[in-house]
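Dear colleague,

I am handing over a structure for you to study. Please look through the sequence and the model below before reading the notes that follow.

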Amino acid sequence: MEVSSKENTHFFSNSTIMPVDRSSFKSESSASKEKQACCGGIKIFLGALSFVYFAKALSGSYLKSTITQIERRFDIPSSLVGVIDGSFEIGNLLIIILVSYFGAKLHRPRIIGAGCLIMSAGTFLIAMPQFFMGRYRYERFSSTINSTVSLSPCLQDKSQTPLSALEKSQAKINAGCEKEAGSSMWIYVLLGNLLRGIGETPIQPLGIAYIDDYAVEENAALYIGCVQTVAIIGPIFGFLLGSLCAKLYVDIGFVDLDSVTISPKDAQWVGAWWLGYLIAGLISILAGIPFWFLPRHLPRPQRRKDSSTSSEHSRFITEDSKNQGASSWQQAKLAEMAKDFLPSLKNLFGNPVYILYLCASIIQFNSLIGMVTYKPKYIEQQYGQTSSKTNFVIGLINIPAVAFGIFSGGLIMKRFGVGVVGAAKLSLGSSFFGYLLLLSLFAMGCGNSEVAGLTVSYHGAEAVSDHEQALFSECNSGCSCSRNDWDPICGENGVTYVSPCLAGCRASNGTGKNTVFFNCSCVGTFESSQSSSAVVGPCQKGNECPKMFLYFLIISVITSYTLSVGGTPGYILLLRCIKPHLKSFALGIYTLAIRVLAGIPAPVYFGVAIDTACLKWGSKRCGGRGACRLYDSSALRYVYLGLTLVLGTVSIFFSVAVLCVLRKKSSPQDETLSANGERGACGTKSRKDNFANSDQLIQSTYWPEKETRL
């Protein structure tokens, strides 16, 4: 409108010809229609992209919530589960460069739609083993299952068991071995997660660039902020979905639930982990549908057309209406960019602030990713909580605290006008107090469950001998028991026994969950107890555990909030301490380093460390070690929290080094150099001049893993 009014004034000053007014009105009318079409199109794209961000965040967080379920279902150790978790990052890295470069030259909405289809295919693939590997089999004494054969738990002589029953049992084991020998179904989970990472790749770079190209300049940051807000909501629903599915038995709909003799608190319980992946895959398909009907290009806003600073799309993407001369110009431009790659890389890695902050971020993300990945497992094993309750707590309490912390960090930066040095102090303070709070969690653990032969001896004293040999005692010496079984029962003395046989039980009554064992010789001798009966399932942990769990939740929420407050200031520090023309390159290197050096290895070595705290391993039907059934609570606490704190402490030292270098860069001499026109790495004056331009870039960038900083 402003341009049209200037043109009318110019024409009226030279001539009084009336038709000029009509052409002016036509131009105003066409501009108005173009603006409406642009706004309508970009808002539809914004809504579709927000839904996609919700879908990918939901499926990613749901995977975190099913870590324990997958471990038990496929009888694999935590280290292997860590490899499965890291496969998403591997899939993402495989094609990130190709998508970022070639995707910008093609139909970006349709590429995002294709990515959603690939992501949904990977999500469905993760759930497929449930339909091919048969029903879930857990270890239980045969009398607890409806059977016509009544067996004594303590098999003093194999002649007690009918020969036909033994033969049938052996035949079933052999048949199961033949089936298991040719299948490793967890590989499909790994490949599905890898495929999910490939499908997720184009969503962030192409979606954000599309909004930046076609949105009105002052609205771009607001639109991108809306997308990121929805991305934070996704994990809340992901963990709540994980809580719901963990309550349901894994084979729900396939078996009679009355025949299931284990409860959600049992170490062998597996929830309907596959059901959530089917739901998440369906949501991904629905999220991708609108992108197939969106145009390749939208009308560019009038102010963006007249702007002297063209967007990334207008600079590097050849429009259909451009002539062939632009193509040769672009090739020359790309050749010039390639020639400038090594000097830019040298310039970037020659910046001490950038290198130190990159090292601090890599180590801190190792700490946070490892902690987040195994947090559900830690809560289950340390405090005796079910998978369902654990996921519910994380989704409803921890993640909102993270979102509020991210928002608070940005609000503090804006409210107090925090500069570069102030951002470094805020980021350092957030990390320091966050890890200090984490240190207090060492005092909020529960003791080991009393398990005869593993954590306590059969005579009431703490077990100090070899765990495998300590499972056998005088009270069960007359029984033909296996040390590999895990079929826990709870004695009337409050002690858990690994199996009815190892408890010396010689009689049972009832079926299923209502089975009661009698004449248990080991129960009767424990601490001179006269009672000798036991019931199915492990005993509950001590009375102090519920109170400790409450304290843990309070400190955990405060810690999540405190650590998240420093996220936004740290990201601003990263952006303002590099030369403006290297920002995109620096962000790319930063994201790549976080994914390769933190996202992939952290779940693996955290899993290996957690495996060292296992007291009792499960056994596969054909031999070999399965999933862990019982952890040493104290060892698990020291390994899990200790590794997190050590990494966090190292990252704090790097953050202190960043602050020291920044203070030197912010000296009066540096300010003088900056005023004379020479831009330093973090010159205070030059950064203040670029404050407004940086704010838009900060809001339009993505902080990796921010929605899972728990």
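**What was found**

Tyr605 is partly exposed, with a relative accessible area of 30%. Phe606, by contrast, counts as buried, at a relative accessibility of 1%. We shall return to these two residues below, after a word on confidence.

**Confidence in the model**

Please bear in mind that this is a predicted model. The average pLDDT of the protein is 77, and 73% of the residues score at least 70. Residues 307-326 fall below 50, and this stretch has 29 contacts in the model beyond near neighbours in sequence. Residues 683-710 also stay under 50, and here the model has 83 contacts beyond four places in sequence. Where pLDDT is low, predicted coordinates should not be read in detail.

In soluble globular proteins, nonpolar side chains tend to be buried together. The largest nonpolar core here has 126 residues, and those with the most contacts inside it are Ile211, Trp273, Tyr354, Tyr383 and Tyr590. Helix α2, which spans residues 19-65, gives the most to this core, with 12 residues. A second core is separate and has 28 residues, including Ala267, Val456, Leu502 and Cys505.

Which residues does Ile211 touch, leaving aside those up to four places away in sequence? They are Ile42, Phe45, Leu46, Leu49, Ala220, Tyr223, Ile224 and Val227.

**Salt bridges**

Side chains of opposite charge can pair when their charged atoms come close. The structure holds seven salt bridges, and three of them are described here.

The salt bridge between Glu200 and Lys56 has its closest N and O atoms 3.2 Å apart. Glu200 belongs to helix α7 (residues 186-200) and Lys56 to helix α2, and the pair links distant parts of the chain, 144 residues apart. Are these two residues buried or exposed? Glu200 is buried, with a relative accessible area of 8%, and Lys56 is buried as well, with 9%.

Lys377 and Glu71 meet in a salt bridge with an N to O distance of 2.8 Å. Because Lys377 lies in helix α16 (residues 375-383) and Glu71 in helix α3 (residues 67-73), the pair ties together parts that are 306 residues apart in sequence. Both Lys377 and Glu71 are buried.

Asp75 forms a salt bridge with Arg629, with 3.7 Å between the closest N and O atoms. Asp75 lies in the loop between α3 and α4 (78-102), whereas Arg629 lies in strand β7 (residues 625-631), so this pair ties together parts that are 554 residues apart in sequence. Asp75 is buried, with a relative accessible area of 16%, and Arg629 is buried, with 5%.

**Backbone angles**

Most residues other than glycine have a negative phi. Asp75 has a positive phi, near 50°, and is not a glycine. Asn519 likewise has a positive phi, of about 55°, although it is not a glycine. Where does Asn519 lie? Its place is in the loop between β4 (516-518) and α20 (521-525). At 49% relative accessibility, Asn519 counts as partly exposed.

**Aromatic rings**

The count of aromatic pairs comes to 22. One of them is the stacked pair of Phe51 and Phe54, whose centres lie 6.4 Å apart, with 20° between the planes. These two residues are three places apart in helix α2, which means that about one helical turn separates Phe51 from Phe54. Phe51 is partly exposed, with a relative accessible area of 34%, whereas Phe54 is buried, with 16%. The residues that opened these notes, Tyr605 and Phe606, form a tilted pair, 5.6 Å centre to centre and with 35° between the planes.

Ring pairs also link Tyr378, Tyr383, Phe549, Phe552 and Tyr640 into a cluster. Tyr383 was named above among the residues with the most contacts inside the largest core.

Charged groups also lie over aromatic rings. The charged end of Arg135 sits over the ring of Phe254, 4.5 Å from its centre. Arg415 lies over the face of Phe416, at 5.5 Å from the ring centre.

With kind regards

Terms used: Residues are numbered from 1 along each chain as its sequence is written. This is a predicted model: local features need pLDDT of at least 70, side-chain atom pairs count only at pLDDT 80 or more; totals for chains, interfaces and linings use all residues. Side-chain values use heavy atoms; hydrogens and water are left out. pLDDT is the predictor's confidence in each residue, from 0 to 100. Contact means heavy atoms within 4.5 Å. A nonpolar core is a set of buried Ala, Val, Leu, Ile, Met, Phe, Trp, Tyr and Cys residues joined through side-chain atoms within 4.5 Å. Buried means under 20% relative accessible area, exposed over 50%, partly exposed in between (1.4 Å probe, protein chains only). Helices (H or I, at least four residues) and strands (E, at least two) are DSSP runs, numbered from the N terminus. A salt bridge is a side-chain nitrogen of Lys or Arg within 4 Å of a carboxyl oxygen of Asp or Glu. Rings of Phe, Tyr and Trp (its six-membered ring) pair if their centres lie within 6.5 Å; planes under 30 degrees apart count as stacked, over 60 as edge-to-face and the rest as tilted. A charge sits over a ring if NZ of Lys or CZ of Arg is within 6 Å of the ring centre and within 35 degrees of the ring normal.
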